[in-house]
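Hi,

Here is the structure I promised to pass on to you.

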Amino acid sequence: FVELRSMSSELQPFIDRQVSVITSDGRNVVGLLKGYDQCTNVVLEECHERVFSAEGMEQVVLGLYIVRGDNIAIIGEVEEDLEASQDWAHKSGEALKVVTH
């Protein structure tokens, strides 16, 4: 329980910034972090999911989105300069595998 509390408190500097969330089932969701709670559930605004395949990357618009804390594998801030310089339409890759415990 203490680890979850300290993890959620680390998210405060990311409020109103664009973050990328990798879920334990391999999804990549990007959006503005608008809020979180003690269980590390996060609220993302203006968000989209990046779906990678061998053919390329597709962005699926999600809008306002909640990700449960127990489904988050990694969360980090998106660097805006690096993000703008990427040609995401021509990025491809294999889908991430599901995290197993």
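Arg-27 counts as partly exposed, at 26% relative accessibility (buried means under 20% relative accessible area, exposed over 50%, and partly exposed in between, using a 1.4 Å probe and protein chains only). Its partner is Glu-49: the two form a salt bridge, with the closest N and O atoms 2.8 Å apart. This pair links distant parts of the chain, since Glu-49 is in strand 3 and Arg-27 is in the loop between strand 1 and strand 2, 22 residues apart. Glu-49 has a relative accessibility of 12%, so Glu-49 counts as buried.

Before you go on, keep in mind that this is a predicted model: local features need pLDDT of at least 70, side-chain atom pairs count only at pLDDT 80 or more, and totals for chains, interfaces and linings use all residues. Residues are numbered from 1 along each chain as its sequence is written, and side-chain values use heavy atoms, with hydrogens and water left out.

A salt bridge here is a side-chain nitrogen of Lys or Arg within 4 Å of a carboxyl oxygen of Asp or Glu. By this rule the count comes to four. One of them joins Lys-34 to Asp-16, where the closest N and O atoms are 2.5 Å apart. This pair also links distant parts of the chain: Lys-34 belongs to strand 2 (residues 28-36), while Asp-16 is in the loop between helix 1 (2-9) and strand 1 (18-23), 18 residues apart. Lys-34 is partly exposed at 36% relative accessible area, and Asp-16 is partly exposed too, at 49%. Arg-68 and Asp-70 form a salt bridge as well, at 2.9 Å between the closest N and O atoms, and both residues are exposed.

Now for the strands. Helices (H or I, at least four residues) and strands (E, at least two) are DSSP runs, numbered from the N terminus. Two strands pair if DSSP finds at least two bridges between them. Strand 3 (residues 42-53) and strand 4 (residues 56-67) run antiparallel and are joined by 10 bridges. A hairpin of two residues connects strand 3 to strand 4, and Val-42 stands opposite Val-67.

Last, find Gly-35 in strand 2. Is Gly-35 buried or exposed? Gly-35 is buried, with a relative accessible area of 15%. Leaving out residues up to four places away in sequence, Gly-35 touches Ile-15, Asn-41, Val-42 and Val-43 (contact means heavy atoms within 4.5 Å).

Cheers
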